[in-house]
Amino acid sequence: MRILLVDDEKKIITVLKAYLQQEGFQVTTALNGLIALTLFKENTYDLIILDLMLPGMSGIEICREIRKISSVPIIMLTAKVEEEDRIQGLGIGADDYITKPFSPREVVARVRAVLRRVNNETTPLADMISYNNGLTIDNIQHEVRLHDQVVPLTPTEFKILGALAKHPGRVYSRGQLVEIVQGHDFEGDDRVIDAHIKKIRQKIELSPSDPRIILTVYGVGYKFNPNPEL
C-alpha cells in the first residue's frame, strides 16, 4: 500500500514515515503542495496524509484539486482546532481529520481504519471463494474446507484467514491483523497474531513448517498465496 505524506515540518515527516514503514506501507514524502500535486499526478497512491497549513498552497486547495480527478482517501493534519476548519476540510472531500499534536500510533490507526473502510466499501465479500490450493472459504456458513473436508477454525482464526484471502498477495502487518480481529483500541502484544497464524498453518498447510499458503514477509507481516506450488 502506497502513501503520500505531505507536511512542511521535517520532524513530523521523519517520525510518521518511520512508523508507517514499520507497518509495511510504502511512503513518499513532500514538503509543499506543488511537489505533492506533481507526485500525485505522476504516481498512484492508496492514501494521502495532507497537512492543512502548507507554504504556497494550502492543504484545502490541494485536497480540492485532487478531488477533481480522484477519490483517493485523504487524511488531513492540522494545528488548527476551530470547528469551521474541520468542517471545511471534510466538506471538500477529506476522509478524516487529525489535530496536532498527535501520537504517531494514532495516525497509523486512523490510516488503517480509513483503508479498511474504503476496502470494505469497494470490495464486497463474496459468499464463497475457492482457490487453486483446494481451499474454500464459505462466508455464509462461516466455514472453511480443504479438499471438501471441513477445517475446524476458531472465530479468530477464520477472521485472520478471511482477511488475508480477501486480498491475495497483499501483505498485512501484525498490527493490521490485530485491528481486524480486535479493533484499533487493542492494547495487547501484536505478536499474538503469530500464534494464530501458527495454528492456522497446522490446519491448512500440507507442511506447516514449510508453509505455501500463508507466507511470512520477514520484517513486515503475512500474505496469502492462492496458487502455491505444492
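Biologist: Is D138 buried or exposed?
Modeller: D138 is buried, with a relative accessible area of 5%. Buried means under 20% relative accessible area, exposed means over 50%, and partly exposed is in between, using a 1.4 Å probe and protein chains only. Bear in mind that this is a predicted model: local features need pLDDT of at least 70, side-chain atom pairs count only at pLDDT 80 or more, and totals for chains, interfaces and linings use all residues. Residues are numbered from 1 along each chain as its sequence is written, and side-chain values use heavy atoms, with hydrogens and water left out.

Biologist: Which residue forms a salt bridge with D138?
Modeller: R145 does, with the closest N and O atoms 3.9 Å apart. A salt bridge here is a side-chain nitrogen of Lys or Arg within 4 Å of a carboxyl oxygen of Asp or Glu. R145 counts as buried too, at 16% relative accessibility.

Biologist: How many salt bridges does the structure hold?
Modeller: There are 12. One of them joins K100 to D7, and the closest N and O atoms are 3.1 Å apart.

Biologist: Where do K100 and D7 lie?
Modeller: K100 is in the loop between β5 (96–99) and α5 (104–122), and D7 is in the loop between β1 (2–6) and α1 (10–22), so the pair ties together parts that are 93 residues apart in sequence. Helices (H or I, at least four residues) and strands (E, at least two) are DSSP runs, numbered from the N terminus. Both K100 and D7 are buried.

Biologist: And what does E23 pair with?
Modeller: E23 forms a salt bridge with R112, the closest N and O atoms being 2.8 Å apart. E23 lies in the loop between α1 and β2 (26–30) and R112 in helix α5, so this pair ties together parts that are 89 residues apart in sequence.

Biologist: New topic. How many residues are in the largest nonpolar core?
Modeller: It has 25 residues. A nonpolar core is a set of buried Ala, Val, Leu, Ile, Met, Phe, Trp, Tyr and Cys residues joined through side-chain atoms within 4.5 Å. Those with the most contacts inside this core include L135, L161 and I204.

Biologist: Which element gives the most to this core?
Modeller: α6 does, with six residues.

Biologist: What is I204 in contact with?
Modeller: Leaving aside neighbours within four places in sequence, I204 is in contact with L135, L146, V151, L161, I213 and I214. Contact means heavy atoms within 4.5 Å.
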